Amino acid sequence: MPGLVNMIDAIENMQMNAKKFNYPCLMMQGSLDSVVSNSKALVWYKNSGSSAQNQKVMFQGFTHELHKEPCKEKVFKHVLGYLSNRIS
């Protein structure tokens, strides 16, 4: 189980160091995500040191792999809109 232990350590490290993350952030998650906890992701997002051009989007009814959902065009459109706003 070394891979699982490393992943758990990395997640804990990421939570403890959220304030050090000071880059623009687009966080997208499906409301039915069974891999990443919605509540823990939101805590990290709120605790991150990044304040400029942050955005958290919850796709209702989507699971973990947003790019594989039947309505994946919504996801791609959102990403393109976010990136377009960042570069213009």
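The model is predicted, with local features requiring pLDDT of at least 70 and side-chain atom pairs pLDDT 80 or more, whereas totals for chains, interfaces and linings use all residues. Residues are numbered from 1 along each chain as its sequence is written, and side-chain values use heavy atoms, without hydrogens and water.

Next, select Ala 41, Trp 44 and Tyr 45, the buried residues of H2 (buried: under 20% relative accessible area). Viewed down the axis of H2, they fall within an arc of 100°, so they line one face of the helix; the arc is taken from the directions from the helix axis to the C-beta atoms. Helices are DSSP runs of H or I with at least four residues, numbered from the N terminus.

A pocket is an open set of points on a 1 Å grid where a 1.4 Å probe fits, with protein on both sides within 12 Å along at least five of seven lines; lining residues have an atom within 4 Å of a point. Helix H1 (2-16) and helix H2 (38-47) each give two or more residues to the lining, and H1 gives the most, with five. Select the lining residues, among them Met 7, Ile 11, Val 36 and Trp 44.

Finally, select Cys 25, which is buried at 9% relative accessible area.

Notes
Buried means under 20% relative accessible area, exposed over 50%, partly exposed in between (1.4 Å probe, protein chains only).
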